[in-house]
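Subject: Structure handover

Hello,

Here is the structure for you to look at. My notes follow below it.

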Amino acid sequence: MAAQTENLKSIPKDEVAKHTKQGDLWVIVDSIVYDLSKFGAMHPGGIGVLLDPEVAGQDATTVFYGLHRSEILQKPQYQRLKIGIVEGQKPRIKPSLPGDISRVPYGEPTWLTPEYKSPYFKESHRALQKAMRIFVDELLYPDAQACEESGKRASKEVLQAMAENNLNRMRLGPGKHLHGHQLFGGAVKGEEFDYFHELVLNQEISRINARGYGDGLNAGMVIGLPPVWNFAKEPLRSKVLDEVFSGQKVISLAISEAFAGSDVAGLRTTATKSEDGKTWTINGTKKWITGGMHSDYFTVGAKTEGGLTVFLVPRGEGVETKQIKTSYSTTAGTAYITFDNVKVPAENMLGPEDGGLLVILSNFNHERWVMCCASARSSRTIVEECLKWGAQRFVFGKPLLAQAVIRHKLAAMIAKVEATQAWLEQITYQMCNMSYKEQSRNLAGQIAFLKMQSTRFAGEISDDAVQIFGGRAITRTGMGKFIEQFQRTQKFDAILGGAEDVLGDLGVRQA
Ligand SMILES: Cc1cc2nc3c(=O)[nH]c(=O)nc-3n(C[C@H](O)[C@H](O)[C@H](O)COP(=O)(O)OP(=O)(O)OC[C@H]3O[C@@H](n4cnc5c(N)ncnc54)[C@H](O)[C@@H]3O)c2cc1C
């Protein structure tokens, strides 16, 4: 901030007080003097509020922060309005820069807060976190906010940068596919990469606060590529992995249908084998397929004579995708898919004929754990926003935080995010110390409960946040925009990847 104020001239406060009229209007916010003479007429809230005797020619810091996000003043059009700094004063508010750690209490998990220690996070986790935070702040966040609004897919620049930094590879979790690769310019070695590194990148990506964009950002790959990785035969396997990791091609998982969501075994899409056994013909529909609108490949579950089989289906003749409009943005590319006599070669079968249920189930733990990482981090951002707003917003002459009922809500919210993160880290540690098979046997129930709890807590946090923000919680721009986004989209996690009730039941049955 010092760099932004050092060239400003010093202006006495009583000089500012002389400029109080339309066409000659100065205002002080956090010691900086802004000339609003021309801007006044363009002020979104109207010129009237700027001519108020508490604002015009005055220190309007409290009034300003009772209504606006601090980032707004960093925009070039407002930076240009700065004409000086009040004589003898210094700005108190330090705007955050790309890569910064939040200074709001509970705004970061404890392992990122200097005062606290963690047994889990090592130097390479911290290096990856630093690199990811800058990547998200500088590149992902602005693109996410723009696309969430326009409904367009993530920009080419972002998709290319993700591939170049090997983010697509990392999102599949630890394994040989990372060995020998430079991850985020060397922040971590492929051989060292573990589930805590993956937790870091999942949680940093969630800071974009744009759920539809986040899902459109290759989330379909996280669930659609593992069946290819684990079950496809060479040379198909290497070809598809290379194409998807490098960002040339997009893949999604197409299991759910109008008649088969939780009940995967009830799906009705069929696959019929040709007499010579060389080709399969696929007919049917799929619903709610994340990233389906952008996909070149679909990992498809279909009914076969003796059960269920999974196929890799390239986009081509007979494949049609239509956008489903959900309560989040169309940037997610959520699709309704029709397969009309689609022919695929037998080599595209993933796993054994009639053995598809195992192929589908084998990835559920990882998918659910990824969702827990994201849900825990998004909930934390909401708590941070509420703490900031509680201090900024004045009602009945006091900040909101002066009301015991608001503090009580915050106490419950903080306890929920801290408990969820602690359990998530504990489960992540177990994942780091178990084979994939052991994870399936020992952690399916724990992860199911964690997901159930994360999404229930997210719902409760959302309700409290809406109450704390009032009308701003249902306004898509301004102070409450993150709350508005969260209350509209937090429920997605309670449905996808195993509905909340189904997971609770699964955990108890496993026990
Ligand atoms: C935005 C979005 C994106 C999605 N992305 C994908 C994707 O990429 N690929 C894909 O294949 N699918 C995807 N899905 C589908 C998702 O997996 C299903 O919506 C989910 O499995 C639930 O199925 P359903 O919606 O048909 O609900 P149903 O199966 O009809 O269930 C409705 C409700 O009934 C309750 N319930 C059902 N069964 C039980 C039970 N046994 N015990 C207790 N309660 C039960 C649950 O509360 C559940 O929420 C997506 C869905 C959405 C909304």
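Is Q467 buried or exposed? Q467 counts as exposed, because its relative accessibility is 56%. Here buried means under 20% relative accessible area, exposed means over 50%, and partly exposed lies in between, with a 1.4 Å probe and protein chains only. Q467 sits in helix α16 (residues 436–469). Its C-alpha atom is separated by 9.1 Å from that of I406, 61 residues apart along the chain.

Some ground rules. This is a predicted model, in which local features need pLDDT of at least 70 and side-chain atom pairs count only at pLDDT 80 or more, while totals for chains, interfaces and linings use all residues. Residues are numbered from 1 along each chain as its sequence is written, and side-chain values use heavy atoms, with hydrogens and water left out. Helices (H or I, at least four residues) and strands (E, at least two) are DSSP runs, numbered from the N terminus.

The sheet

An open sheet has 5 strands in the order β1-β5-β4-β3-β2, with mixed pairing. Two strands pair if DSSP finds at least two bridges between them. The edges are β1 (9–11) and β2 (20–21), and each pairs on one side only.

- β1 pairs with β5 (residues 82–86) in the parallel sense, over 3 bridges. S10 stands opposite I85 in β5.
- β2 and β3 run antiparallel, joined by 2 bridges. K21 faces D24 in β3. Their hairpin has 2 residues between the strands, and G23 takes a positive phi near 90 degrees there.
- β3 and β4 (residues 32–35) also run antiparallel, with 4 bridges. V29 is opposite I32 in β4. This hairpin too has 2 residues between the strands, and D30 takes a positive phi near 50 degrees.

β3 (residues 24–29) is mostly covered, with 5 of its 6 residues buried.

Helix α5 and the cores

α5 (residues 123–150) has 28 residues. From first C-alpha to last it reaches 39 Å, close to the 40 Å expected at 1.5 Å a residue. The expected span is 1.5 Å times one less than the number of residues. α5 bends by about 45 degrees at V136. That bend is the angle between axes fitted to the seven residues ending there and the seven starting there. Just after α5, G151 has a positive phi of about 80 degrees.

The largest nonpolar core has 73 residues. A core is a set of buried Ala, Val, Leu, Ile, Met, Phe, Trp, Tyr and Cys residues joined through side-chain atoms within 4.5 Å. Those with the most contacts inside this core are L128, L140, Y213, L225 and W369. Its largest share, 7 residues, comes from α5. A second, separate core of 22 residues includes C386, A458, F469 and M479.

L225 has contacts (heavy atoms within 4.5 Å) beyond four places in sequence, among them L172, V240 and I251.

Most residues other than glycine have a negative phi, and most peptide bonds are trans.

- The peptide bond from E234 to P235 is cis, with omega near 5 degrees. P235 lies in the loop between α11 (226–231) and α12 (236–245).
- N341, not a glycine, has a positive phi of about 50 degrees. N341 is in strand β14 (residues 335–345) and counts as partly exposed at 47% relative accessibility.
- D354, not a glycine either, has a positive phi of about 65 degrees. D354 is in the loop between β15 (349–350) and α13 (356–361), and is partly exposed at 32%.

Best wishes
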